[in-house]
Amino acid sequence: MFTLAEVASLNDIQPTYRILKPWWDVFMDYLAVVMLMVAIFAGTMQLTKDQVVCLPVLPSTVNSKAQPGTSGKADFTTVETTTHHGEEASMRTVSFGSAPTVTPDIPLSRATSSQYQPTESGQDLKKEQKDSSGRKTNLDFQQYVFINQMCYHLALPWYSKYFPYLVLIHTIILIVSSNFWFKYPKTCSKIEHFVSILGKCFESPWTTKALSETACEDSEENKQRLTGAQSLPKYVSTSSDEGSPSASTPMITKSGFKFSADKPMIEVPSVTILDKKDGEQAKALFEKVRKFRAHVEDSDLIYKLYVGQTVIKTVKFIFILCYTANFVNTISFEHTCHPKVEHLIGYTEFECTHNMAYMLKKLLISYISLICVYGFICLYTLFWLFRIPLKEYSFEKVREESSFSDIPDVKNDFAFLLHMVDQYDQLYSKRFGVFLSEVSENKLREISLNHEWTFEKLRQHVSRNAQDKQELHLFMLSGVPDAVFDLTDLDVLKLELIPEAKIPAKISQMINLQELHLCHCPVKVEQTAFSFLRDHLRCLHVKFTDVAEIPAWVYLLKNLRELYLIGNLNSENNKMIGLESLRELRHLKILHVKSNLTKIPPNITDVAPHLTKLVIHNDGTKLVVLNSLKKMINVAELELQNCELERIPHAIFSLSNLQELDLKTNSIRTIEEIISFQHLKRLTCLKLWHNKIVNIPSSITHIKNLESLYLSNNKLESLPAAVFSLQKLRCLDVSYNSIVLIPVEIGLLQNLQHFHITGNKVDILPKQLFKCVKLRTLSLGQNCITSISDKISQLLHLTHLELKGNCLDRLPATLGQCQLLRKSGLVVEDHLFDALPSEVKEVLNQDTSVPFANGI
């Protein structure tokens, strides 16, 4: 037999699973333990007690002679039997009154000899025989044992014999059915994960802090109501936006303060700063809950398995009850046995008694009672499973009692597990709901962020940019630290990859803030903060993936001067950006768009009359429609970069106020339209670099006021004389072409200050080049120049000279006469510099600071 400890181990489920066991499962487990005890008790009694006791039934003739007297005196009758198998034996049956007893067998020879001995013992025997009556049989002890064993299997019904074992098997099956969903591989992993997360969420300090802060907020809102009142509202709801109670919130009053698991305690939280370790654990819990929800919520296997095992237990209960009730009457005390071994014992019928019948019947009735109770509980479980939609779980009550109004409803296995937890204690699901709320997660991030990024730490990250402004760049944080808004002297604030960025009213302290960068950062601003930004912000950079990420308040900054938009503005999204008109940006002067446009968005024309600078950087998408450019009559600077333009757009020729035109990185091959630039009287800078231009037309002479001409990274092979007729030209850049010769007409450019011809095929420098005495920058690197004339000393204003990558064998000693040239501005091979005379090197190594050395 099994010991109780061994059998009980089958029902030994991990204690952590107890939160998923409702009262009916717990009650059924106890019933199963009692049924196990019934089985073990019945089995033990069967093993330790005699099974059956049988006596032979004599023929009727013999039975009639052996009837006891009616006078109550003992009658003595001796029945002699014939020899069986050649052996003689005698049986003496002694009966006192009506209860016969069987005495041990006495051999026939002994009985005979005792009759013929005239002794006192013989007389005593005769006297004993006269005082007793009974029935003689010819069975010995071993034969009785044999008959008892045989009749146990023949006469006793099978249910009387196997009743304890059946109870044991049935109980084990019921135990296994009750706990199968804890052991099945596809469900146990989810259950273990859920129980682990649930326990950590319940015990997390963040849960207590979040609920306490909610209670504290509610307490502040109802302070006047609580003061001097004798009742306490049971449900207090706060709006996530305004923090005011909802009008539909039910109010139930109870006298006095009472702490309950059904509502948060209204008291000031004792812990105001969350420990860093606890904060990190809470962040990990939020991530675990998010992943677990995505993993579990898409299936209902746990629910189906629990329903299936409940149905199996119910069917099992019906089956046990049916056949047990049928066999309960078969357990009887008296049984008639016909072993069919009369050739061995001489008797065909035996009367047997089952000694355990009475006790087994009582145990069976007890077992049936237990099974009935078990079955009714199974039926109730099925009723509960199908009475309410267990595949959906609502946190409505939690949302009403806390400020976390965004806790989502869950479904499928996630919902079923929470319903099961509610049967244990609803407080678990309430505390668990804190980790399903984005508001709660954002609060945690905010607390952790402010704890980590203090004012002193932020001050260390403030730097000076190229414009000598104080700048702070925050990258990939969970939010904007509150201490940022205490940096009142900050000029530039950059927020990058901060998805939950919020700008509070405290930003009004930053009176010097005029430039804001939002890189993949859809910032939300409070009303007071927006008013401040609307009046003070001058420059805004917005980098986005989709145009819908641009905050709506951007289009309402009426005092904005510069707007930089970097992101996807393709043809589909042009309609979307058109919905948010730029018409309100009345003071906008500079608009920079870096995107993949096929046409200029119509809403740009809303501010066209005000713009002075328009920059469009495409990612290689061909810009086809440019007619709207004609409306930008005040544009002074226009950049159309990487727009796959093949010719200079005609719409540009209508921009009478244009001063600078940049067509960098396009596919322009010819610039014959340049003659139309003669109408642009104010054009001073023309940038046609990084194109495919082969030659420069002579019509370029019509651009009388041109001061800067950039033609680098093209396919030019020569410089026409017409270029050198531009008397106002101050900067000429023809680097990285295929130019072989510098025309002598270059000497006509008396105002030339910067000349770049790096990366060409020039081998001789004309002496007329050194007549351009105003040259400050001369870039001649990566050519085939073999010598430099001593007349370079005429360039008294030269501050930058690049000669590296040529075929020079020496440098002229007259470099020392270039008063403003220093070693830092001389780009040449080291061995050429070392070959200079020592006095020249000494002059070049002087550290004379020239404020206009690098000016244009």
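**Ground rules.** I number residues from 1 along each chain as its sequence is written, and my side-chain values use heavy atoms, with hydrogens and water left out. Since the model is predicted, I take local features at pLDDT of at least 70 and side-chain atom pairs at pLDDT 80 or more, while totals for chains, interfaces and linings use all residues.

**Entry: the sheet.** I looked up how the strands are arranged. Helices (H or I, at least four residues) and strands (E, at least two) are DSSP runs, numbered from the N terminus. Two strands pair if DSSP finds at least two bridges between them. I found three strands in an open sheet, in the order 1-7-6, with antiparallel pairing. Strand 1 (52-56) and strand 6 (334-337) each have a single partner strand, so they stand at the edges and one side of each lacks a neighbour in the sheet. From one strand to the next, the twist averages 25 degrees.

I then looked at one pairing. Strand 7 (residues 350-354) runs antiparallel to strand 1, and the two are joined by five bridges. Leu-55 has Glu-351 of strand 7 as its bridge partner. Helix 6 (residues 141-154) packs on this sheet and touches strand 1, strand 6 and strand 7. Contact means heavy atoms within 4.5 Å. The direction of helix 6 makes about 115 degrees with that of strand 1. For such angles, axes are lines fitted to C-alpha atoms, for helices over the stretch in contact, and the angles run from 0 to 180 degrees between N-to-C directions.

**Entry: disulfides.** How many disulfides does the structure hold? I noted two, taking a disulfide as a pair of cysteine sulfur atoms within 2.5 Å. A disulfide is a covalent bond between the sulfur atoms of two cysteines.

Cys-54 and Cys-352 form one of them, with sulfur atoms 2.0 Å apart. The torsion about their S-S bond is about 110 degrees, so this disulfide is right-handed. I use buried for under 20% relative accessible area, exposed for over 50% and partly exposed in between (1.4 Å probe, protein chains only).

Cys-151 and Cys-337 form a disulfide too, with sulfur atoms 2.0 Å apart. Here the torsion is about -85 degrees, so the disulfide is left-handed. Cys-151 belongs to helix 6 and Cys-337 to strand 6, so the bond ties together parts 186 residues apart in sequence. Cys-151 and Cys-337 are both buried. With the bonded cysteines numbered in sequence order, I wrote the pairing down as 1-4, 2-3.

I also checked two further cysteines. Cys-322 counts as exposed, at 52% relative accessibility, and Cys-372 as partly exposed, at 22%.

**Entry: Thr-187.** Is Thr-187 buried or exposed? Thr-187 is buried, at a relative accessible area of 0%. This residue lies in helix 8 (residues 185-203). Apart from neighbours within four places in sequence, Thr-187 is in contact with Trp-181, Leu-301, Ile-302 and Leu-305.

**Entry: Gln-527.** Gln-527 lies in helix 20 (residues 527-536) and is exposed, at a relative accessible area of 57%. From Gln-527 to Pro-504 I noted 23 residues in sequence and 8.5 Å in space, C-alpha to C-alpha.
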